[in-house]
Protein chains: 6
Amino acid sequence: MTTPSPAIAYVSRRYRFAASHRLYAAELSDAQNRAIYGKCAGDNGHGHNYQIVVTVAGPVDPLTGMVINLDALDALVRDRILRRYDHRYLNLDVEDYVDLVPTGENIVRHIWSLLRDALPAGRLSKVRLVETRDNSFEYQGEAA
Amino acid sequence: MTTPSPAIAYVSRRYRFAASHRLYAAELSDAQNRAIYGKCAGDNGHGHNYQIVVTVAGPVDPLTGMVINLDALDALVRDRILRRYDHRYLNLDVEDYVDLVPTGENIVRHIWSLLRDALPAGRLSKVRLVETRDNSFEYQGEAA
Amino acid sequence: MTTPSPAIAYVSRRYRFAASHRLYAAELSDAQNRAIYGKCAGDNGHGHNYQIVVTVAGPVDPLTGMVINLDALDALVRDRILRRYDHRYLNLDVEDYVDLVPTGENIVRHIWSLLRDALPAGRLSKVRLVETRDNSFEYQGEAA
Amino acid sequence: MTTPSPAIAYVSRRYRFAASHRLYAAELSDAQNRAIYGKCAGDNGHGHNYQIVVTVAGPVDPLTGMVINLDALDALVRDRILRRYDHRYLNLDVEDYVDLVPTGENIVRHIWSLLRDALPAGRLSKVRLVETRDNSFEYQGEAA
Amino acid sequence: MTTPSPAIAYVSRRYRFAASHRLYAAELSDAQNRAIYGKCAGDNGHGHNYQIVVTVAGPVDPLTGMVINLDALDALVRDRILRRYDHRYLNLDVEDYVDLVPTGENIVRHIWSLLRDALPAGRLSKVRLVETRDNSFEYQGEAA
Amino acid sequence: MTTPSPAIAYVSRRYRFAASHRLYAAELSDAQNRAIYGKCAGDNGHGHNYQIVVTVAGPVDPLTGMVINLDALDALVRDRILRRYDHRYLNLDVEDYVDLVPTGENIVRHIWSLLRDALPAGRLSKVRLVETRDNSFEYQGEAA
């Protein structure tokens, strides 16, 4: 059997971090924040067991049979994301969210940009953030 | 850090309903129905814990950091789908399936059309119906 | 290393059936049924992806290293339960529930009695019925 | 078929709350807290999607086929636990943890005592708290 | 209500096989294999509970409401994949991997090619291989 | 509120290892092995993503609010089990199974004995081994 070489495969790997956040936009009044974010706007935040699913696309190396070395991906995600996000209160402890409300949409986009810059061009296919068992957020970059 | 404004993110939310259905096409004979649908054609139906995963796409609002207000989406799905499908026998209790065999394919397409009409144009990205732990159905609308 | 022979181990195996049911006690009025069972009392029933987890206890056979032959357990559960419950409307299609309201409690007890009689005395340790992702029922027999 | 009446069955129902906590004992020094609790002692806390699994034991009512009315149990758990714990920072927002470090062990015991007092004697069988996908805590009361 | 006829829906079905594999490329030295594959290069292999999720795309038949007969898909996957892969050591027992390192990327591509040839043109949409609870691989064929 | 001090709580933690095994008893003929173990007796073994759930019981320390330090438990399980079992072929690579058929029952009992000896007397409450999504094995020691 011959497997065609230039084919693109996708590798997805799940990571986890436990963090707390508060949804509150400084530009808005308390009443507006409460109207938009409901109980997520509570004074002292609340938390989640977040999961990140990182999908990398690329040609399968004919010699190794791999798209990416997962140890390298692990080190990257650990260094850029988990080390800074895990067991933190995102609003206070992580500078990324000083001026950015840590909604699922903003977190997933920010993680995307942190990882994209560290991978070869075009390799990051999508990032999914699972916030609760029923809610998730996905970002695939700009269509550019 | 600056997050590019017009980027599109995807928000997915899972809903559930417990319902029963029977796969039986009135245009076909009993033998044909049994041949096509097997045990799913049994006289009195059978049931599932259905899950619907609704994915909405859209630009992330720079102020709120959100694509869609999930309370609004919940109210929409509750009103158009769950209130009518949950704890029902789809073939007898839900008018949508009077002339439509409630296969996973038909249910997911019908849910799509019920939700698409109630959301701003282009916002509904896909609907997935999970019927059992091993079977699911997805619809993404017409390519149009 | 020596492993003590007469030790008791527990083997659990999960089975599944998709069925519909209606919670309605014939001895009660419509209003009483509605008050007690809520939407579960709907005229035409509704359904679930039920799971049964059967736990068998027994000494580990020193020769085979097994408590029970799982093929034999599979055949038993298939014959006594799945063949009769799967893809059925329990209230109408299964004689066990002609005079017994198919609540989770009653189903799990009935499955227990069907399996206990077919296994060597004392071997059936417990039966768990999972009705939805959040609800389950367990029965362990009489304390006798 | 006859089902023996006085048999005891167990009903388990899963509830969820998203909360943050910090593990830090006021009687101990910072260094001791860091040694004992590691990253869980971080200044501003972190969070989890907690699950509570409440198991109620009791005789199956011969008329209704139920051990407990789940709507009543839901109302009880909502009122005593979820309304106060969900979307909160346990250390600051919930008085139960002003003098009690919110470890999994302490949370599950406290939930037990809040529910036990509101149920008929002997009915609460166990409470399980799931903190992450790999960690859980269970309490079954005093052997008394 | 009218459902538009030529719409394309996607049906996904999950299959499982328990197998062992060893990641070791014959063209490379022992040291190179160990550097690339780490503990996955161990002499005697190791194993996984693999899952395959097969997604078939196609128009929904207006009469049956189905995209594909799942019994036919089951028979195909059973015959071409499961019968040969389940309870095997892929490197030694399955000829597909005599000259192909059984990485997730290579397995998912090979399964794709085995299934694509047996389905009508264009029907196989994607294949996903789940190797562990955190790792998965996906292949969607050549863009051609 | 006062929480009674001497109460016993249970802490459960899940660990994972990917391994392969073959069910074959040297005392039996090939035909007997095939009759007893079926496809699990295949010449070169097959594999699983095993999970171990270790449950430790003990009084909740009034100062720390903990039953056991989970970092210490992790180190113990890693050293005694995971380091030796993960990514191995149990029959050939792990001395524990040179003379012991690696059935789920035997593995769970052996893990029990390895952990019990390393914990304070009476602390190990039970060990559960999850072999596939539907099969699991549990051991709680001798009744002694």
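Start by selecting chains C and B: 23 residues of chain C are in contact with 23 residues of chain B. Keep in mind that this is a predicted model. Together, chain C and chain B bury about 1800 Å², with 45% of that area on carbon and sulfur atoms.

Now stay on chain C. Which residues there lose the most area to chain B? Pick out Asn44(C), Asn49(C) and His87(C), which together account for 32% of what that side buries.

Next, look for charged partners across this interface. The rule finds 3 salt bridges between chain C and chain B. One to zoom in on links Asp86(C) with Lys39(B), where the closest N and O atoms are 2.9 Å apart. There are also 13 residue pairs in polar contact across the interface of chain C and chain B, both residues at pLDDT 80 or more.

Switch to a cartoon view of chain C. Which of chain C's elements gives the largest share? That's E1(C), with 5 residues. Color this side of chain C by class and you'll get 5 nonpolar, 9 polar and 9 charged residues.

How many salt bridges are counted between chain D and chain A? The count is 2. Zoom in on Lys39(D) and Asp86(A), whose side chains meet in a salt bridge at 2.9 Å, N to O.

Now try a pair that stays apart. Chain B and chain D do not touch, and their nearest C-alpha atoms are 15 Å apart. Chain C and chain E have no contact either, with their closest C-alpha atoms 15 Å apart.

Last stop: chain F. Select helix H2 (residues 70–85) and helix H4 (residues 104–116), which pack at an angle of about 145° with their axes 10 Å apart. Show the side chains in the contact: on H2(F) they include Leu76(F), Val77(F) and Ile81(F), and on H4(F) they include Ile107(F), Ile111(F) and Leu114(F). By class, this contact has 8 nonpolar, 1 polar and 2 charged residues.

Note on methods
Residues numbered from 1 in each chain as written. Chains lettered and ligands numbered in written order. Predicted model: local features only at pLDDT ≥ 70, side-chain atom pairs only at ≥ 80, totals over all residues. Heavy atoms only, no water. Axes fitted to C-alpha atoms, helices over the stretch in contact; angles between N-to-C directions. Helix = DSSP H or I, 4+ residues; strand = E, 2+ residues; numbered from the N terminus. Contact = heavy atoms within 4.5 Å. Nonpolar A, V, L, I, M, F, W, Y, C, P; charged D, E, K, R; others polar. Salt bridge = Lys/Arg side-chain N within 4 Å of Asp/Glu carboxyl O. Buried area = accessible area lost by both parts, 1.4 Å probe. Polar contact = N/O pair within 3.5 Å; in protein donor to acceptor, adjacent residues only side chain to side chain.
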